[in-house]
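Student: I've got a model open on my screen and I'd like to talk it through. Can you take a few questions?

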Amino acid sequence: MDGQYGDSTRSVKAIASEAVPGQPVGPSPVPAAAFHLSSQQDDPLDAYGRSSNPTWRQLESALAQLEGAASALAFGSGMAAISSVLRVLAKPDSTLVVPADGYYQVRRYASEYLAAHGVTVIPAATRDMGAASAEADVVLAESPANPGLDVVDLHQLAMQCRRRGAILVVDNTTATPLGQQPLSLGADVVVASATKALSGHSDLLAGYVASSHAELITAVARERLLSGAILGAFEAWLLLRSLGTAGLRFERQCHNAAALAVTLNAHPAVRAVRYPGLPDDPSHRIACAQMKRFGGLIAVELADADAVHALVERSGLLIASTSFGGIHTSVDRRARWGDEVSDGFARISLGIEDTDDLIADIEQALG
Ligand SMILES: *Cc1c(COP(=O)(O)O)cnc(C)c1O
């Protein structure tokens, strides 16, 4: 039913509260560690704050709607969501494929923690995920991959995993559910950081898991209860509140990214640009087939580290900051964090500033 609506309509509808006269129109936080119990009911919905909370449920229902999933589970961060799913799925003696060019902490978690528990971890480049999946029991794909923005054909990968009996987990952080819906392309589970574009204000950390496999959701909910990787009620509320404007913000971010990608592509100071929305990008064809929007991130390569620092210093709008998806346009030089990229490689996260202001500012800052 919601398929007929545009992004902003879906965002607004996803957080709509029931129309009860006298009740608030917007979401309200319910901070509680313990709830009153009744003498009749042994297993109430809300008993203790580590197992459930009404604000989570509202948030989870909104996230499930946006991802096209039967259920979603909120977590205290993207890493809490991802590591919980991997602890449930990647058993000792199983083989897990992780993106070699994706978010580095996930790779680190797999090689430092899961490998020590008997999981064989195979890092594979996003473009080689299909071939690597032939060996796997669990495949974690990230598309577009952070920070290089390579895209993998998710439908094809899902078919390959299904044939082999492997489970496909997709990290949907960079695209957001407004950019692509991995479950509709055949993925089994979506994991994501809501710290980025979904919350969008660079002021909270959150993560989630979405899936239509009831047994898997039950197992991940149990893992969350036991590991305690929960989201606070206030963060859940702030995220819920932010989801209402996610469509509006993401639309502007994607528009700004498309405009800046074209500008950078034509600029002599720029050595290389990756943006799935650029017609000459190696990922463009697959991106067109599976993405509704190409996202708010651009990967750019300048001459060296000094060139990236000079760009930020000469600009009146850019800020140097890691993370992405916020309302401010930000630049992150990834070699600083140990990504295997050149010193002049930067990920630019587009904010919601006016497009003309941003392009003019960056053009003058590039010199
Ligand atoms: C940021 C990020 C994560 C981790 O999310 P946190 O909320 O920082 O824990 C996972 N995957 C990707 C692709 C990310 O960009």
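Student: Which backbone oxygen does the side chain of serine 17 reach at 3.4 Å?

Tutor: Bear in mind that this is a predicted model. Serine 17 sits in the loop between helix 1 and helix 2, and leaving aside residues up to four places away in sequence, it touches Pro24, Val25 and Gln58. The side chain of serine 17 also reaches the backbone oxygen of valine 25, at 2.7 Å. The one at 3.4 Å is the backbone oxygen of proline 24.

Student: How far apart are the C-alpha atoms of serine 17 and proline 27?

Tutor: Along the chain, these two are 10 residues apart.

Student: Is serine 17 buried, partly exposed or exposed?

Tutor: Buried means under 20% relative accessible area and exposed means over 50%. Serine 17 has a relative accessible area of 30%, so it is partly exposed.

Student: And threonine 176, buried or exposed?

Tutor: Threonine 176 is also a loop residue, found between strand 5 (167-171) and strand 6 (189-193). Not counting residues up to four places away in sequence, it touches Ala197, Leu198 and Phe250. Its relative accessibility is 2%, so threonine 176 counts as buried.

Student: Why do the buried residues of helix 1 end up on the same side?

Tutor: The buried ones in helix 1 (residues 7-14) are Asp7, Arg10, Ser11 and Ala14. They lie on the same side of helix 1 because they cover an arc of only 100° around the axis. As a rule, an α-helix has 3.6 residues a turn, so residues three or four places apart point the same way. As for what covers the buried residues of helix 1, that includes helix 2 (54-67), helix 8 (233-243) and helix 9 (246-265).

Student: Which helix gives the largest share of the shell around the ligand?

Tutor: There are 14 residues around the ligand, and Met79, Asp171, Ser193, Thr195 and Lys196 come nearest. By class, the shell has 5 nonpolar, 6 polar and 3 charged residues. The largest share, 3 residues, comes from helix 3 (residues 78-89).

Methods. Residues are numbered from 1 along each chain as its sequence is written. This is a predicted model: local features need pLDDT of at least 70, side-chain atom pairs count only at pLDDT 80 or more; totals for chains, interfaces and linings use all residues. Side-chain values use heavy atoms; hydrogens and water are left out. A residue is near a molecule or strand if one of its heavy atoms lies within 4 Å of it. Helices (H or I, at least four residues) and strands (E, at least two) are DSSP runs, numbered from the N terminus. Ala, Val, Leu, Ile, Met, Phe, Trp, Tyr, Cys and Pro count as nonpolar, Asp, Glu, Lys and Arg as charged, and the others, Gly among them, as polar. Buried means under 20% relative accessible area, exposed over 50%, partly exposed in between (1.4 Å probe, protein chains only). The arc is that of the directions from the helix axis to the C-beta atoms. Contact means heavy atoms within 4.5 Å. A polar contact is a pair of N or O atoms within 3.5 Å; within protein, one must be able to donate a hydrogen and the other to accept it, and residues adjacent in sequence count only if both atoms are side-chain atoms.
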